[in-house]
Amino acid sequence: MSNSPTALLDPLGFILTEYTSYVDTSSAPGKVEEVVELIMIDEMKGDNGEKSQAFDIVSYGAFVRGLARTALTKEVINLWDYVETQGRDSIAKSYKIPKKKTKKAIWILVIGFMAMNGYEGGLKMIEELTTNAEQTQDEVLREILSRNAGTGYLMGFLHGQTEKRLFKKNVPVVTYEDLKPYIDRIANRETSEILLAEPVIGSGTSGGQPKLMPVTAEYQKNGALYDTLSQSPMMRHFGDINQAGKRMELMFARPEIETPSGLKAASVLTSVYNESKFRTILPKLYTSAIETIFCPDPNQGLYCQLLFGLIQRDEVVRVGSLFASTVLRGIKFLENHWQELCYDIKTGRLSDWITDSGCRNAASLVMKPNPEKADLIENICNCKSWEGIVRKLWPKARYISCVCTGVMRQYIAELEFYCRGLPLVSTFYACSEALCGINLEPLCKPCDVSYTFLPNMAYFEFLPVENDHDESIEMKRNDEDTELVDLVNVKVGQCYELVVSTCAGLYRYKVGDVLMVSGFYNNAPQFQFVERKNVILNVDQEKTSETDLFKAVIEAKALLDPLGSILTEYTSYVDTSSAPGHYVLFWEIKGKEGKHCKELDPKIMVECCTRMEESLHYTYKIYRKRNIIAALEIRVVKQGSFEALMDYYVSKGTSLSQYKKPNCIKSEEALKILDSRVIGKYFSPKSPL
Ligand code: AMP
């Protein structure tokens, strides 16, 4: 059976759970009938409001007939018949896009395109969407408003009206804090209609300090489409990895919480891991077993995922995780545990400290004594330098997939060392609130990655941001007075804060990310991620951002190079225990070849402090000169301190998959973890001006 039918079903919210076939010779000539069992994962409403029914075992034709009640289905039938009679190639050339870009039409588009063949359909759809960016955005907004105008929240601003002009004039730009009372009421048994028309099927959580977000069936369906579209440019470059082999992907679910109204709240990824569709494809496409993803102890889960990945190393065509930090965490864990892993592979017995029964069961299915494989891996890991280790361990891997932009860019250099010879690919830019952009150029350098926004994913607006420290006096800016710019009207080179509206109850919601327009693809803008819009260090209104800090660290850490040392992790905080306050940087440093660095040279470390201060923005330097800020301090911490920090946040409920190391420490406990591991303190000796 070809793959396309499964791909066709995905966007419709169906999963193919089983199939078999028989040869029908009742009429001549005989033909192969595909007998397909379908499960509808959510109900679809037809145009007349009637719900379509769940399916039993049906053949393809019956599948189409079973859906025939809705107008959507009619179009699907036509399209499917068309695909069948014309053949894919001719459709790929001639298929006409429905003129009106309704959501319905977009689904039909996907179906049509996916019927053509693999990624080309996805690419063609990206062309369509980006060419018709403005119309698609208007349609998305129309849909959000026509569905949700009657909700308590929007009634207060629009009184039931749905015009774009009024939306722009009356609906305020908000943050999570503004919507929180509504979301809390939904979580506390009130109807979701105070905020959104569609029923809430669960809640997503986001960020280190988890936030609840309404999640609807629509959001999940969008996820499937987004995934298809974001993978298409990858397939153009790396081939169809689903056909080629498996992914060694480090994945970690976080326990769900239940709100008082009985809604399940889970991180976006945990929800994905919970979907039956994901569980069905997991054994075929990934090396990790579901029990290792859901293991309550992330270290046991990680050990087993690495173990399974090594056992199946010859099948692995992609290595990755959601974020670069998790991939790096995996590699470092491997550095500390490879002997033990090899021993387990050799003997076919899982280490005793893995006590989780799910992991042990999963292991019993894949483990058998394999001394040859263990020896091979041992030889690779035993070499002096771990440069390019990923490629050596997984020789068929085509690329490393993980987000390397934003906070993650600090890991690029180290990841490149371990992954030498393999491209590091950031596939998408998304958040729990909305799916936003995809990377159309997977082979570009990690630091140059731009994300092309998909105009069908949400209604996007942009708040211009002044991001300038060249003047000593910060310009005061009032967000309310600044006009939001539409997706297609942003200007190249300008920075903006992202504002999204979705069917899931977010209206003109500030995500908190600052993006810079790097160009356009057709009519859709492409953005580079700049920073989380929060000032992370502030002694006296000098407002140092994540980017300011990052640039200064880059300058300073270059001084370690000649010593053969690498800065592997950093974070910061403002120490105001003495006046005036000062910046403290925690640095974890290691030697290039081995794990431990040689003695640190205090002179160089002091120079690093000086270089940091010289590289910070003008306002900081002026304040330093006037002694409004005291000398910057670098505290070097022991190896493994940042792993301990990650363990701490994970123990507090952060998902290991979505963990983003804070660039500034706010919690007392986290501070204690780092402070208790300090092995050297260094101060800048003089003002940078
Ligand atoms: P979460 O809500 O936990 O899913 O985290 C979403 C946040 O992660 C976004 O708002 C961004 O700050 C960050 N993020 C997601 N994707 C990227 C990316 N490709 N590059 C940089 N930061 C990202």
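The legends below describe several close-up views of this predicted model. Residues are numbered from 1 along each chain as its sequence is written, and side-chain values use heavy atoms, with hydrogens and water left out. Because the model is predicted, local features need pLDDT of at least 70 and side-chain atom pairs count only at pLDDT 80 or more, whereas totals for chains, interfaces and linings use all residues.

View 1. Strand 17 and strand 18 are paired in the antiparallel sense over 5 bridges, and Y496 stands opposite L515 in strand 18.

**View 2. T502 in the loop between strand 17 and strand 18.** This loop joins strand 17 (495–501) to strand 18 (509–521). T502 is buried, with a relative accessible area of 8%, where buried means under 20% relative accessible area, exposed over 50% and partly exposed in between (1.4 Å probe, protein chains only). A polar atom of the T502 side chain lies 3.1 Å from the backbone nitrogen of A504. Leaving aside residues up to four places away in sequence, T502 touches I144, N148, E433, A434, A458 and Y507, contact being defined as heavy atoms within 4.5 Å.

**View 3. Strand 9 between parallel partners, strand 6 and strand 10.** Strand 9 (residues 316–323) is mostly covered, since 8 of its 8 residues are buried. Strand 6 (residues 246–250) runs parallel to strand 9 and is joined to it by 5 bridges, with E249 standing opposite G320. Strand 10 (residues 399–403) pairs with strand 9 in the parallel sense over 4 bridges, and Y399 of strand 10 is the bridge partner of R318.

**View 4. The hairpin of strand 7 and strand 8.** Strand 7 (residues 257–258) and strand 8 (residues 264–267) run antiparallel and are joined by 2 bridges, and I257 stands opposite A265 in strand 8. The hairpin has 5 residues between its strands, and G262 in the turn has a positive phi of about 90°.

**View 5. Helix 21 and its surroundings.** Helix 21 (residues 412–419) is mostly covered, with 6 of its 8 residues buried, namely I412, E414, L415, F417, Y418 and C419. These buried residues pack against helix 17 (324–347), helix 20 (389–393), strand 10, strand 11 (424–425), strand 22 (565–575) and strand 23 (582–591). Just after helix 21, G421 takes a positive phi of about 95°.

**View 6. The packing of helix 25 and helix 26.** Helix 25 (residues 641–651) and helix 26 (residues 668–675) pack at an angle of about 155°, with their axes 9 Å apart. The two helices are therefore roughly antiparallel to each other; angles under 35 degrees count as roughly parallel, over 145 as roughly antiparallel, 65 to 115 as roughly perpendicular and the rest as oblique. The contact is made by S641, F642, A644, L645, Y648 and Y649 of helix 25 together with E669, A670, I673 and L674 of helix 26.

**View 7. E613 in helix 23.** E613 is found in helix 23 (residues 602–615) and is buried, with a relative accessible area of 0%. Its side chain is joined to that of R624 by a polar contact of 2.7 Å, a polar contact being a pair of N or O atoms within 3.5 Å; within protein, one must be able to donate a hydrogen and the other to accept it, and residues adjacent in sequence count only if both atoms are side-chain atoms. Apart from residues up to four places away in sequence, E613 touches Y620, K621, R624, A630, A631, L632, S684, K686 and P688.

Technical notes: Two strands pair if DSSP finds at least two bridges between them. Axes are lines fitted to C-alpha atoms, for helices over the stretch in contact, and angles run from 0 to 180 degrees between N-to-C directions.
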